[in-house]
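Have the model open while you read.

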Amino acid sequence: MSSPREQLRPQHAVYLLGILALGLGILHLLTEGEGLGTVLEAFVICSLSSLVLLTGYEFPDREISESGRWRAVRLAAGVTVSFALLALAVWTIWLLEGHPNQFSFLLSFATALGTMVGIRGGIHAVESEERLEEAEDLTKLLTINQRVLRHNLRNELSIALGHLDNVESADHSADTSEDVRVIRDHLERLLETTDRTREIVSIWNAHRTVEHRLTSLVEERIARVRETHPDVEIATRFEADPRVRSHPALGRAVEEALRNAIEHTPPEASISVTVRTDSNGAAVLEVADTGEGIPRYDLDAIGSPGETPLVHTRGLGLWILYWTLKTSDGTLELVENRPTGTIVRMTFPRKG
């Protein structure tokens with residue numbers, strides 16, 4: 001069953017504000033007589049209201065996130081109330097001075113003007129904020145790729161070239177199969193790194209979301225992980241089956257969290273997966289292990305504005321998680337498990 005918030009879209013909220021302002025203008029016309037001045041006053045109010053309704057019609061085409069649209073609506077509502085209170089304050093002053101007139105026009109005009117200024121200004125403010133955040137994200141993404149690729153290129157190629165020298169200098173009768181194996185392993189690691197950096201860029205660059213049944217998606221990814229790690233025990237606890245709207249790479253991110261837990265967990269340790277909803281109705285997915293935990297410098301790298309020479313991740317798996325959740329309007333938390341291990345907590349707005 002859908003909640004009222006899910007039935008009411010940001011576009012509809014803008015329409016409601018516009019209709020409110022338009023209704024006040026019509027009410028002013030009907031209650032303040034039929035003089036030309038009243039007609040012109042109503043025309044001004046209705047014109048401002050029409051701009052608000054037009055903004056609502058164009059709202060879905062603006063390049064703003066869903067949460068950003070609601071922020072713009074809240075800004076518009078706040079400015080509308082502020083303008084209406086200002087009109088009431090001005091009228092009160094007039095009342096105290098013995099000239100309590102034009103209350104209907106003053107309130108109607110201030111409300112319509114506040115709504116129009118609020119929604120138009122709110123949209124531009126949110127768009128500017130999101131473009132700035134996007135530029136900061138791009139800078140972070142380029143920094144990550146540059147550092148990881150530079151580090152891995154140097155290390156993997158140095159090792160591969162060293163063993164290639166061994167092959168070239170070896171006698172024809174010498175066995176060079178081990179050198180060839182090492183060269184192949186390091187070149188494959190380098191290829192995997194470039195594939196992952198490309199995957200992260202594609203996640204960041206995709207501006208669309210799809211709907212998932214979270215429990216079904218988690219069960220599917222656990223089954224895939226068990227195919228390659230049949231000896232690993234993964235306990236599950238599904239307290240809810242929420243529908244979430246997220247980036248299409250969510251399944252890949254869940255699998256990455258599972259594989260990361262397996263990689264850092266010794267055979268005698270345990271891994272558990274929980275799907276639940278929190279007190280606010282948001283969907284929560286937790287992958288917990290009792291292993292060695294994620295290194296502190298990896299945790300710091302995820303939380304910092306950009307990687308530095310002394311703070312960088314060993315791999316790119318955590319960044320796949322980070323960007324998937326960020327582009328889904330969700331949050332990623334890496335917290336310490338008690339007594340040992342790590343909990344990877346993914347939280348996103350619930351759908352349904």
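Which side chain meets Arg338 in a salt bridge?

## An exposed pair, and the ground rules

Glu336 is the partner, with N to O at 3.6 Å. A salt bridge here is a side-chain nitrogen of Lys or Arg within 4 Å of a carboxyl oxygen of Asp or Glu. Arg338 counts as exposed at 67% relative accessibility, and Glu336 is exposed too, at 53%. For those words, buried is under 20% relative accessible area, exposed is over 50%, and partly exposed is in between, using a 1.4 Å probe and protein chains only.

Keep in mind that this is a predicted model, where local features need pLDDT of at least 70 and side-chain atom pairs count only at pLDDT 80 or more, while totals for chains, interfaces and linings use all residues. Residues are numbered from 1 along each chain as its sequence is written, and side-chain values use heavy atoms, leaving out hydrogens and water.

By the salt-bridge rule, the count comes to 17. One of them pairs Arg224 with Glu255, at 3.8 Å from N to O. Arg224 sits in helix H7 (residues 214–228) and Glu255 in helix H8 (residues 250–263), so this bridge ties together parts 31 residues apart in sequence. Helices (H or I, at least four residues) and strands (E, at least two) are DSSP runs, numbered from the N terminus. Arg224 is partly exposed at 38%, whereas Glu255 is buried at 8%. Shared partners also join Arg221, Arg224, Glu255 and Arg259 into one salt-bridge network.

Glu286 belongs to strand E5 (residues 283–289) and Arg276 to strand E4 (residues 271–277), so the pair links parts 10 residues apart in sequence. Glu286 is buried at 12%, and Arg276 is partly exposed at 22%.

## How H6 sits against H10

Helix H6 (residues 177–205) packs on helix H10 (residues 317–326) at about 5 degrees, with the axes 9 Å apart. Axes are lines fitted to C-alpha atoms, for helices over the stretch in contact, and angles run from 0 to 180 degrees between N-to-C directions. That makes the two helices roughly parallel, a label for angles under 35 degrees.

Contact means heavy atoms within 4.5 Å. On the H6 side, the contact residues are Arg196, Glu199, Ile200, Ile203 and Trp204. H10 brings Gly317, Trp319, Ile320, Trp323 and Thr324.

Note on methods:
Parallel < 35°, antiparallel > 145°, perpendicular 65-115°, else oblique.
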